[in-house]
Amino acid sequence: MLPPEPHLHSSYTSAFASALIDPRSETPAVVTGPRGKAAIKRYNVYRNNVTASLIEALAAIYPAVQRITGVEFFRAMARSHIRATPPTSPLLFEYGRDFPAFIETYEHASAMPWLADTARIERAWLDAYHAADAEPLPAAALGSSPQERLAELCFVVHPATGIVRSRLSAVTIFAANRDDAVQGRIDASMPEDALITRPDLDVVVRHLPAGGAVFLASLIAGQPLGEAAALALDASPTFDIASAIAGMIEAGAFTAATLEKQDGQ
Amino acid sequence: MNAATKPAACAAIPLRFPALPIGGLAGTSFKHQHLAEIRADGGGRGFFEVHAENYMGAGGPPHRALETLRRDFPISLHGVCMSIGGERPLDRTHLARFQHLVERYEPALVSEHLAWSTHDTTYFNDLLPLPYTEATLRRVCDHIDQFQEAIRRPILLENPSTYVAFRESTMSETDFIRSVSQRTGCGLLLDVNNVFVSATNHGFSALDYLSDFPLADVGEIHLAGHAEQSDDEGELLLIDSHNGPVADAVWKLFEIVVSRCGPVPTLVEWDSNIPDWPILKAEAAAAQAILDRSHGIAEARHAAA
């Protein structure tokens with residue numbers, strides 16, 4: 001057998017990519033400057049572009065986290081994450097899904113235990129921003145259902161709807177750091193749940209009352225209204241079903257309500 | 001955005017946009033923060049270019065803004081991560097997303113880069129260079145064939161700005177690009193700033209490059225600002241940064257290109273340190289004046305003949 005052609009063995013992308021996000025690697029030997037000039041600084045332009053642009057991408061997704069940590073801290077944390085978990089999709093708004101979990105393990109952030117949940121709300125905010133458009137369920141829809149069968153109603157979740165549950169005050173911290181308003185001291189120790197929706201153009205993050213997250217998560221999972229309310233009451237005796245229903249309609253969390261038994265017919 | 005801009009049933013009814021001509025126009029990169037002022041200007045002359053990937057989400061404000069813009073202006077759809085110059089097969093999911101955008105927005109122009117950005121499973125978010133050899137030429141042509149079949153129309157391929165060369169290259173960039181255009185039937189996007197940046201970085205003459213470039217195939221021109229650094233020998237290294245106004249030398253090259261290939265649609269790119277709309281609009285107006293002058297000269301020649 002003939003030996004394979006040399007070009008079939010050479011992989012310029014492997015050689016070039018090998019050192020792009022590893023600062024300890026040497027400049028790949030496949031590249032050169034013109035007329036025998038060196039390529040160290042030249043290759044570093046690509047290195048800088050890759051890392052700096054991905055840090056920018058994370059900063060654009062997680063502005064509240066950056067505001068809390070400061071730019072230098074954020075850049076160092078983002079750089080560590082990029083080296084551990086570079087993007088796999090060319091759609092940068094999909095990047096950073098693993099960043100909240102990374103923050104949880106990042107030792108320099110251990111003094112900020114609410115930072116990861118704040119990041120989770122920011123990630124849900126961006127998912128809601130890019131989610132498919134859909135008309136939310138109108139308030140009148142429940143009134144037109146037979147009242148004796150309300151407990152059997154099932155709901156179709158809106159594409160933008162998300163819930164983030166935090167054992168700390170991530171919703172308040174998120175809200176305080178997504179606008180420029182000066183806030184007083186925050187008691188970070190109160191558990192808070194967030195409902196993220198986008199009924200039309202604007203993403204809205206709401207702080208759910210007690211039991212609200214269990215209630216909505218049950219509805220999103222397809223359980224009928226009566227069962228979801230029972231689960232919410234189990235989780236929180238102060239759960240108020242009337243205000244929970246009014247709140248989810250106002251937020252635009254669902255697009256349709258159906259009687260479960262109609263689905264199978 | 002006010003309620004009047006909201007389409008009645010955006011998901012259900014396929015949108016149809018006017019077939020607005022783009023010939024002879026200057027345009028700018030579209031940035032969402034400029035939309036209100038662009039609309040307040042009242043549908044002036046020009047076009048807008050968007051990075052295709054930014055509109056590959058399912059819905060939300062990006063699509064609403066682009067729909068609004070597309071009703072009044074021709075759009076150029078500019079891909080930045082198809083990885084045409086890479087070694088692995090094109091990403092079919094990404095091709096399908098791109099095809100969907102072309103169908104949805106009916107852009108006047110569609111373009112991509114002679115570069116790669118993905119290796120194995122990692123997306124590097126940069127336009128990375130490739131060697132110019134018979135093997136890479138064949139692969140790039142295969143990728144462009146596949147791309148053009150997927151979207152059912154020719155693309156414009158953009159010449160890169162580069163900082164390094166590959167030892168294994170066996171042909172010049174202009175020969176490579178000419179062969180790609182001949183074999184695939186694609187048009188070319190001539191980025192004049194990239195020519196100037198690469199000429200400086202590699203020590204060749206930008207005018208010689210333009211003389212070798214197949215100008216007859218150019219369907220769009222890009223202009224942009226660049227930044228200055230230095231190489232290992234302490235000599236000037238230009239960075240294709242898109243973060244400031246177009247340099248004087250690039251304007252001069254642009255005038256030369258337009259004198260040779262006529263008033264080709266021309267885009268001013270500005271992607272970081274984005275200025276207020278009036279500044280970006282003034283850069284486009286400067287390009288438009290050069291295009292109009294060239295058009296006037298061509299008309300006068302035609303009348304005299």
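A:R178 is partly exposed, with 16 other C-beta atoms within 10 Å; in this scheme a residue is buried if 20 or more other C-beta atoms lie within 10 Å of its own, exposed if 12 or fewer, and partly exposed in between, the C-beta atoms being placed from the backbone. The model is predicted, so that local features need pLDDT of at least 70 and side-chain atom pairs count only at pLDDT 80 or more, whereas totals for chains, interfaces and linings use all residues. Residues are numbered from 1 along each chain as its sequence is written, while chains are lettered from A and ligands numbered from 1 in the order in which they are written.

A:R178 is located in the loop between α9 (170–177) and β4 of chain A. Helices (H or I, at least four residues) and strands (E, at least two) are DSSP runs numbered from the N terminus. Apart from residues up to four places away in sequence, A:R178 touches A:P63 and A:A64, contact being defined by C-beta atoms, placed from the backbone, that lie within 7 Å. The C-alpha atoms of A:R178 and A:T69 are separated by 13 Å, although the two residues are 109 residues apart along the chain.

Chain A is assigned domain 1 (1–112) and domain 2 (134–265), with bounds that come from an automatic or database domain assignment. The C-alpha centres of these two domains of chain A lie 38 Å apart. The largest nonpolar core holds 146 residues, of which A:I121, A:I196, A:F215, B:I75, B:L157, B:V192 and B:L223 touch the most other members. Domain 1 and domain 2 of chain A both give residues to this core, so it lies between them. Such a core is a set of buried Ala, Val, Leu, Ile, Met, Phe, Trp, Tyr and Cys residues joined through C-beta atoms within 7 Å. Beyond residues up to four places away in sequence, the contacts of B:I75 are B:F47, B:F48, B:V50, B:L69, B:R70, B:Y105, B:P107 and B:A108.

A:I196, one of these core residues, has A:V205 in β5(A) as its bridge partner. β4(A) and β5(A) pair in the antiparallel sense over five bridges; strands count as paired if DSSP finds at least two bridges between them. Three strands of chain A form an open sheet in the order β3-β4-β5, with antiparallel pairing. β3 and β5 of chain A are the edge strands, each pairing on one side only. From one strand to the next, the twist averages 25°. Helix α7(A) packs on the sheet and touches β3, β4 and β5 of chain A, its direction making about 175° with that of β3(A). For such angles, axes are lines fitted to C-alpha atoms, for helices over the stretch in contact, and the values run from 0 to 180 degrees between N-to-C directions.

A:F215, another of the core residues, is among the buried residues of α10(A), together with A:G212, A:A213, A:V214, A:L216, A:S218 and A:L219. Seven of the nine residues of this helix (residues 212–220) of chain A are buried, so it is largely enclosed by the rest of the structure. Its cover includes β2 (153–157), β3 (162–166), β4 (192–197), β5 (204–208), α11 (225–235) and α12 (241–251) of chain A. Just after α10(A), A:G222 takes a positive phi of about 100°.

The contact between the chains takes 45 residues from chain A and 43 residues from chain B. On the side of chain A that touches chain B, α2 (12–17), β1, α3 and α7 of chain A each supply at least two residues, and α3(A) provides the largest share, 11 residues. The 22 residues of helix α3 (residues 40–61) of chain A should span 32 Å at 1.5 Å a residue, and its end C-alpha atoms are 32 Å apart, which agrees; the expected span is 1.5 Å times one less than the number of residues. The buried residues of α3(A) include A:K41, A:Y43, A:V50 and A:L58. They pack against elements of both chains, including α5 (71–84) of chain A and β6 (122–128) of chain B.

In chain B, six of the seven residues of β6(B) are buried. Three bridges join β5 (residues 116–119) of chain B to β6(B) in an antiparallel arrangement, with B:H119 opposite B:T122. The two strands form a hairpin with two residues between them, and B:D120 in the turn has a positive phi of about 50°.

Technical notes
Contact = placed C-beta atoms within 7 Å.
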